Amino acid sequence: MKFSESHEWIEVQNGLGVVGISNHAQNELGDIVYIELPQVGKVVKAGEEAAVLESTKAAADVYSPVSGVIQEVNQKLSETPELVNSSPLKEGWLFKIKVQSPEELDKLMDADKYLSQFKS
Amino acid sequence: MTKTIFEKSQSKQHAYSLPRQWKALASFMPPKELCRESELTLPEISEIDLTRHFAELAQRNVGIDNCFYPLGSCTMKLNPRVNELAAALPGFTKSHPLAPPEAVQGNLQLIVELVDMLCEISGMSAGTLLPNAGSQGEFIGIQMISAYHKDRQDHARTEIIIPDNAHGTNPATAAMAGYKAVCVRSDASGDIDFEHLKELVSERTAGLMLTNPNTLGLFSPKILEITHLIHTHGGLLYYDGANLNPLLNIARPGDMGFDVMHINLHKTFSTPHGGGGPGSGPVLCNDKLKPFLPVPRVEKKGGSYRLVWQNGKSIGKIASFHGNFGIYLRAYLYAKLHGHAGLRRIAEISVLNANYLKKLLAPLFTVPFPQHCMHEFVLQADNYIDKGIRALDIAKRLLDYGVHAPTIYFPLIIKECMLIEPTESESKNTLDNFIEIMKIIVAEIHTNPEIVKTAPHSKPVRRLDEVLAAKKPILKHNGKAPPEASETTNHYPTV
Amino acid sequence: MDFVSNREPQIQEMLKVIGVKSIDELFTAIPKKLILPRPTDDDGLSEYEGLQLMQALAEKNGFTSFENYLGAGAYEHHVPAIVGAICSKSEFLTSYTPYQAETSQGMLQAIFEFQSAIAALTGMDVSNASLYDGASACGEAVLMAMRIHKTRQKILIADTLHPHYRDVVDLYLSSHDLSVEVIPRNKEGKIDLQQLKSLLDSNTAAVLLQSPNFLGLVEDIKPLAGAIKESGALLLLCANPLSYGIYASAGELGADIAIGDCQPFGLPLQFGGPYAGYLSCRQEFVRQMPGRLIGETLDTEGRRGFVLTLQAREQHIRREKATSNICTNQALAALASLIAMLWYGKEGLPKLALTNFQRASFLKAGLTAIPKIKALSPGTIFNEFAVSFGMPIEDVLKAFRAKGIEPGVPLGRFYPDLQDYLLIAVTETKSQQQLDKYIQTASEIVGKT
C-alpha cells in the first residue's frame, strides 16, 4: 500500500490499483454523508480530482494518486457512505483504476513514511 | 411536539379576504387546458392560529433585541427602531421601481446622497447601491477589476491573491468571476506574510482581496507597502468591507491604496439581519474603475435627479431594479443620525469594548495574538481539549446562560477558534456579565465537563443530528407524521 | 445622536483595565498618516429631526398620488396586516443566520415552511431558502444547469424573459466560455416551437423561459418542454409565483428548475427591493442547488428539529469550489412571503390569482373595444398585457398622468419594435370604479386625435 501527500492510498495488483483515503483523512473529515464518485471509463492524470467526499463540515476532493482509466467504483458507498469512516483502508475503497504508468508509484510514500508524519 | 403550519391545517379554515367582485368579472375565465390540475397543497389556517403559530416560532428564536450576540465578523449592533419607522413610510414602500424619475425624486436624492456619504467615509470617488448583499458586492467589484484589465487589452491576468484567513465568499467570488484563487499565508503575528506575497505577485495578478482589519481583528501595519507592491505589478486592490466598523472616520480604505470595495450595510450600518437577510452590499471605487460600475446609475443634473440605464463601459446589471432600496434607506438615516462625530464614536467604542473583553477573557483561553485588537479578536479553546471540551461545546453552553455564542471555527486557520466582536452597542454591564458567564463555564469544564459537553440543556431542542440531516435530507413538509419523540416530550428539558 | 452605550465613566474604567491612557492608543497599528483628524462639530441629528428628514424625502415622491398600473416584475398587491406584525417581532427582525440551530428553531422552522410552500406552489420536489431576487435566481439556475450538464456549452434564453433578468444572467455568465442564443418571439409575442427546435441541439445545457412572459402572455409550455426534454437539455422556467394559483405548475409542465420572484407575496414595492427570489427543482438535482437549505432532523433525545444542511457545498466551507458565493439569503423577506401565502392559503391563493386575471381581462376587453386601441396579442394573459393607442407613447403618458393615472410601462425601452406599446398590470387592488375611470380616460385620449 502506498500513500500520496494528499492522504490517498493505492494498492496495485496486476496493473489494477484500488484507491481510498487514509484513516487520518476520514478522521479529519468527520462523518461522511455523501460521495461523488467518478464515471467508469474516465481518464485521469496523477494529482487530478477524481472524487468528492462530503461531510457535514467539509467537502474534500480526492485526487487520483496515478494516471489511468477508472475501471470500477464502490457501489456500496451510495447507500452506506459511512464505510469510508469505519473501514477506510478496506471496505471503504473508492474506485479502481487501470494504472497507465507504473513508475508514478515510485513517487508515492510507503506506509511507514506516510505514518511517520503523524508521530509526536 | 413541534408542529409545522402544514400539520395545523384544518379543513376550510382561512384568514384571507378579497376585494369585492362585480358581475362582469365572472365572464372572464382562464382556458381550461392551461389551468393547474394538481391540488395546491397549502395549509388551511385561520388568522388567530396563524398569529399564534408565528408567536410560538418567535419564542423559539433570539435576536440582538433579546441578548448579547458577540458574533465575530457579523457586527451584531442594535437595529434602531427609528429606521423601521422610516422604511415604512408609504412614500417609500409604494414607489414602483419603474416609476418615471420625476415622480420619485425623493428616492433618487436619497441614493445620490447615500453614495456620496459612503464615498466620503471610504475615500472613494464613485459607487453603486445595487448589490443585494456583501457577496454580490464582491462579485461586482471583481468583475469591475476584470473589465478594467480587459479594457487595457491586458489578458494575462488570471489570478486573484487571497489571504488564508479570508472569509469563504472571497475565493468563491474569485472563482465565480473566472479567476484562479491564489492563497497567501499569514505570518506569526497574524498579518499577511509579506515575503510570501512578494513571491506570489506577478504579471498574472489581477488583484489582491483583503479585509483590513483582517478576520483576526488585526490591522495590517504594512498596508501601504502591500497596496504599493500590488500596484507596481499592475494589479488592483479589492477591500472586503466586512470589518469597516472600527475604521469609520478614523481611516479610509481609499487612502490605504484600495481601488474598489464593498460595504455590508447589514453589518456596519445597522440594517436588521432578519434571520439571514436581506442585506445590502454597496460597491465604492476610485476614478480608475468608475466607468465599469453597473447600471442603472443615478445622477444629479441641475436641480433634479435622473436615472442612467445605459453606460458604455459598464459591466451591466446585477439586480432586478435598484437593489435593496428598503434596506439602504435605513443605512441612510443611520448615517445621518450619527453625523461625522457619531460615526467616529462607533469606531472608537467598538475597539474599546473589544479590547476590554479580550483583556479579561485572556486568562481563560489561549491568546494567539497578544497585541491590541481592533473591533474583534480571536481566542482559542484548545487548552481544554484534554478535558474533552472543544470550542463547539463552550458555544453551546453559552446558550444556556442566555447569551448567543461567538463565531466558532472561523477563520479556518486557527484551531478551536472563537472570534468575538461585541460592537459599540454593548454596555460595560453586558460585557462584565459575559465575562462572568465565561468564568462559570470554565469552572464547569473543570468540575463538571459533562454538562458542557452535552449543552445546551435549556433550549427547545438538544444538539441536532446534522449527519442525519445531510444523509437523508428532508427539505419540506412531506405529509408524513412527525418522527416519534421519546417519553420525555417537554419542549424544555430539565437538567 | 448615536446608539453607543458606554459613556465617560465606563470608558475611563475600561481604559484602566486594558492598561492604556486613551482610546487613541488602541489604534497605533494604523500608520499615522492614514488617521483622519477628529471631527470638530457634531453634525448628527436627533431622532425627531431624522424622521423629519425622511418624511421630507418621502414627500418628494409624487408617485404615490397616482393610481399605479406598473408591473414588469414588481406588482402592487395588498400586504396583509399580519405580515408586518410578525416580521417586526424582535426575535425575527434582529436575529442572525441560524448557525446555532438550538437557539434558532423559530427561524429555521419558518424557512423550512417557506421551502415547503414554494415546493407546493411550484409543484416541484425541493426548494431552497430563497435567493436575492428573480434576476439572480435566473443567473443561479443557469449556473446550476451548467454544473449538472458539465460537457454542454450552450444556453438558450427566451427573448420574452424579463430584460433586466436577462442582463443579470449575462453578467453571471460573463466569465464562462458559453454560447448564449436568444430564442426570438413571434408576432404574437410568444416563443415558437419551430424556432426553439431549430436552435436546440445536443450541446444545449438548458433553455430559460418565462411564463407569463415579460409581455404578460402565458406561453404554451407543454410542447416546448417536450422538445427540450428530447434534446436532453434542462427546462428552466421563470414565473410570477402567483400565476401558479390558476395556471399549471412548473412541475406539471415538466420544468427541471423553477425560479422567479416572491415579491407579489407580502413584499411592498419599495422601489425595487428587498424582494426574494425562489429556486425549486427536481429531487435528483438537490446537491447542486445554490443558496441555503433547511432540513428536518432529530435531536439527541429524538425530538424533531431543523438545521442548515448540505452546507458543505456553500462558500463558507467549499470556498473556491462552492456552488455559489452566496452568504445571505433573503430570510426576512422570505418570511414575509410565507406569511402572505399562508394568509391566502389553499383556498384564497387561487382566488387571488383568479381575480387578478379577471380584473386584467376586464380592463383589456374594455380598452380593446375602443377603436384605435390594439392589443399586442390575443394570447392568454395573467394580470398584465400590452396595448398600443395608435399614437406616440409620450402623449398617452402625459394625458393619463394629467388624470392622476400612471397607466403602464412603455415597452420601447426594452423592445425597440414596440415603441408605442404600453405594458399594463392590473391586480386585486384595482376596483371597478378605477378600471372604469381608466377606460373612460383612454377613450377620451384616443377620441381627441
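1. Buried area is the accessible area, found with a 1.4 Å probe, that two parts lose on being put together, summed over both. C:Glu102, C:Phe271 and C:Arg304 supply 6% of the area that chain C buries against chain B, which is more than any other three residues supply.

2. A word on the model itself: it is predicted, so that local features need pLDDT of at least 70 and side-chain atom pairs count only at pLDDT 80 or more, while totals for chains, interfaces and linings use all residues. Residues are numbered from 1 along each chain as its sequence is written, chains are lettered from A and ligands numbered from 1 in the order in which they are written, and side-chain values use heavy atoms, with hydrogens and water left out.

3. The interface can also be described by its residues, where contact means heavy atoms within 4.5 Å. On that rule, 192 residues from chain C and 204 residues from chain B take part. A salt bridge is a side-chain nitrogen of Lys or Arg within 4 Å of a carboxyl oxygen of Asp or Glu, and the rule finds 10 of them across the interface of chain C and chain B. The side chains of C:Asp167 and B:Lys317 meet in a salt bridge, with 2.5 Å from N to O.

4. Polar contacts are counted separately: each is a pair of N or O atoms within 3.5 Å, where, within protein, one must be able to donate a hydrogen and the other to accept it, and residues adjacent in sequence count only if both atoms are side-chain atoms. Between chain C and chain B there are 97 residue pairs in polar contact, with both residues at pLDDT 80 or more. On the side of chain C that touches chain B, helix α12 (residues 331-368) of chain C gives the most, with 26 residues.

5. Helices (H or I, at least four residues) and strands (E, at least two) are DSSP runs, numbered from the N terminus, and the expected span of a helix is 1.5 Å times one less than its number of residues. How far apart are the end C-alpha atoms of helix α2 (residues 47-59) of chain C? They are 18 Å apart, which agrees with the 18 Å that its 13 residues should span at 1.5 Å a residue.

6. Which residues of α2(C) are buried? Taking buried as under 20% relative accessible area, exposed as over 50% and partly exposed as in between (1.4 Å probe, protein chains only), C:Gly50, C:Met54, C:Leu57 and C:Ala58 are buried. They cover an arc of only 100° around the axis, which puts them on the same side of α2(C); the arc is that of the directions from the helix axis to the C-beta atoms. C:Tyr48 and C:Glu59, on the other side of α2(C), are exposed. The buried residues of α2(C) pack against α2 (81-87), α3 (90-93), α4 (105-122) and α11 (325-361) of chain B.

7. Helix α7 (residues 163-173) of chain C has 8 of its 11 residues buried, so it is largely enclosed by the rest of the structure. Among the buried residues of α7(C) are C:His164, C:Val168 and C:Leu171.

8. C:Asn240 lies in the loop between β6 (234-238) and α10 (250-253) of chain C, and at 13% relative accessibility it counts as buried. A polar atom of the side chain of C:Asn240 lies 2.9 Å from the backbone nitrogen of C:Leu242. Leaving aside neighbours within four places in sequence, the contacts of C:Asn240 include C:Tyr75, C:Pro212 and C:Phe382. C:Pro212 itself is joined to C:Ser211 by a cis peptide bond, with omega about 0°, and is found in the loop between β5 (204-210) and α9 (221-231) of chain C.

9. A:Asn14 has a positive phi of about 55° although it is not a glycine; it is found in the loop between β2 (8-13) and β3 (16-21) of chain A and is exposed, with a relative accessible area of 83%. B:Thr75, also not a glycine, has a positive phi of about 50°, but B:Thr75 counts as buried at 1% relative accessibility.
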